[in-house]
Amino acid sequence: MSLLVQKFGGTSVGGVERITAVANNIKKHKDDGHQLVVVVSAMSGETNRLLGLAGDISDNIPMTDQDVLLSTGEQVTIALLSMALKQIGIDADPYCGWQIPITTDSTHAKARILDIKTDQIQTALESNKVVIVAGFQGICQETNRITTLGRGGSDTTAVALAAALKADECQIFTDVDGVYTTDPRVVSNAKRLDKITFEEMLEMASLGSKVLQIRSVEFAGKYQVPLRVLSSFSPGEGTLICVDDDKEQSVEAPLVSGIAFVKDEAKISLLGVPDKPGVAATVLGIISDANIEVDMIVQNISADGESNDFTFTVHRNDMARAVNLLTEGLSDLSIREIKSDDKIAKVSLVGVGMRSHAGIASTMFKTLADLSINIQLITTSEIKISVLVDEKYMELAVRGLHDAFELDQ
């Protein structure tokens, strides 16, 4: 008998028919002898509907009130799923986050989990019940107020429960059947991966892959919770995300596991920046004080040999604000020019095989050169290489690299 934590997202529970299908899926696992804790999201579109109602009342909603409102979406789902399970003979107990309780810090709308009490869950499992938990929510340890965990919060709830219960596996059911070498909508022969390491999945999630939320992968990696991505709509083994030292050592391991890309970034270049200590800190201090996240950063000697050029990327929606802040905040530094470009895309190779194999960067750059794609910026880590290219060449770059590294094999 295995203890499984299963999470079903909004599209998986998007209506009564889908909730019934989820109940039947759960019954199959229950009939196979597994103990089950099920985490669910709000039904597809429900969170936006609730936000719309709040927006009709006020443009300035207190986060404490918003959390109370949004937490009701998952409460509806746990009740309906419990009813559907009982209809087919499976006893179930539904719990809101505060009933477990899942305790969090006081950061409303982006709360972090501090502790999970598992006594009620263990008691229900011992009584042969399926435990259904509302994802995305908890209760503040200090104020006793309902909190929500932010984007991807139900994934985080599931992984945290799996860690607290020492579950054999945490299974994330979604609208895709696993993690692919790249987006199949861009590369038609992209291959589903049977297995991927936590490191690789974390890099892919941070570099543009939308399959899993970054926080949930970080949590799973920290507590080494085996994580599997599966489809709610079609059977299959999905993709297992786990610690796998053998993959790194194997001579047959792929050098590159996947290609991630993102096209919602913008590039800001400061030309003729004074070459003296503290300038980079000043520039990035202005950006961070405005709560704008910076991604790629490159500094090099300017053409005049006496100053530097400083380039970094931000989210496309933050570009105009960042340029205005820098223009105002750096007026006394005699910077020659501030340039910006929001027609760019980032393409990244990811793979633990990069640690022990040379030549990956040269193959990547040659492939892009053969396609007449100019590289604007390059950053690397132990298991990834990211390049910035013109947005119009993004899909061509992804397809070319997918072929060059034979990821369809």
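Predicted model: local features only at pLDDT ≥ 70, side-chain atom pairs only at ≥ 80, totals over all residues.

Trainee: Where is Lys 195 found?

Mentor: Lys 195 lies in strand β10, which covers residues 195-197.

Trainee: Does it count as buried, exposed or partly exposed, and what is the relative accessibility of Lys 195?

Mentor: Buried means under 20% relative accessible area, exposed means over 50%, and partly exposed lies in between, with a 1.4 Å probe and protein chains only. Lys 195 has 37% relative accessibility, so it counts as partly exposed. Its C-alpha atom is separated by 9.8 Å from that of Val 243, a residue 48 residues apart from Lys 195 along the chain.

Trainee: Which residues does Met 201 touch?

Mentor: Contact means heavy atoms within 4.5 Å. Setting aside residues up to four places away in sequence, Met 201 touches Val 179, Ile 196, Ser 209, Leu 212, Val 217 and Ile 241.

Trainee: And which residues is His 29 in contact with?

Mentor: His 29 belongs to helix α1 (residues 16-31), and at 19% relative accessibility it counts as buried. Apart from its neighbours within four places in sequence, His 29 is in contact with Leu 4, Gln 6, His 34, Leu 36, Gln 171 and Phe 173.

Trainee: Now helix α9: which are its buried residues?

Mentor: In α9 (residues 279-289), the buried residues are Val 279, Val 283, Ile 286 and Ile 287. Viewed down the axis of α9, these fall within an arc of 95°, so they line one face of the helix. The arc is that of the directions from the helix axis to the C-beta atoms. In general, an α-helix has 3.6 residues a turn, so residues three or four places apart point the same way.

Trainee: What is exposed on the other side of α9, and what covers the buried residues?

Mentor: Ala 281 and Asp 289 are exposed on the other side. The cover over the buried residues of α9 includes β14 (265-274), β15 (294-301), β16 (307-315) and α10 (319-329). After α9 comes Asn 291, with a positive phi near 60°.

Trainee: Since β16 has come up, is Val 314 buried or exposed?

Mentor: Val 314, a residue of β16, has 1% relative accessibility and therefore counts as buried. Among the residues that Val 314 touches, leaving out those up to four places away in sequence, are Ile 268, Ile 292, Val 294 and Met 319.

Trainee: At what angle do α2 and α3 pack?

Mentor: Helix α2 (residues 46-57) and helix α3 (residues 63-87) pack at about 145°, and their axes are 9 Å apart. Axes are lines fitted to C-alpha atoms, for helices over the stretch in contact, and angles run from 0 to 180 degrees between N-to-C directions.

Trainee: Which residues meet there?

Mentor: From α2, Glu 46, Thr 47, Leu 50, Leu 51 and Ala 54 meet Gln 66, Leu 69, Leu 70, Thr 72 and Gly 73 of α3. These contact residues divide into five nonpolar, four polar and one charged. Ala, Val, Leu, Ile, Met, Phe, Trp, Tyr, Cys and Pro count as nonpolar, Asp, Glu, Lys and Arg as charged, and the others, Gly among them, as polar.

Trainee: Finally, the backbone. Which residues does a cis peptide bond join?

Mentor: It joins Ile 100 and Pro 101, with omega about -5°. Pro 101 is in the loop between β3 (92-95) and β4 (102-104).

Trainee: And what is phi of Gln 224?

Mentor: Phi of Gln 224 is positive, near 50°. Gln 224 sits in the loop between α7 (214-223) and β11 (227-231), and it counts as exposed at 55% relative accessibility.

Conventions:
Residues numbered from 1 in each chain as written. Heavy atoms only, no water. Helix = DSSP H or I, 4+ residues; strand = E, 2+ residues; numbered from the N terminus.
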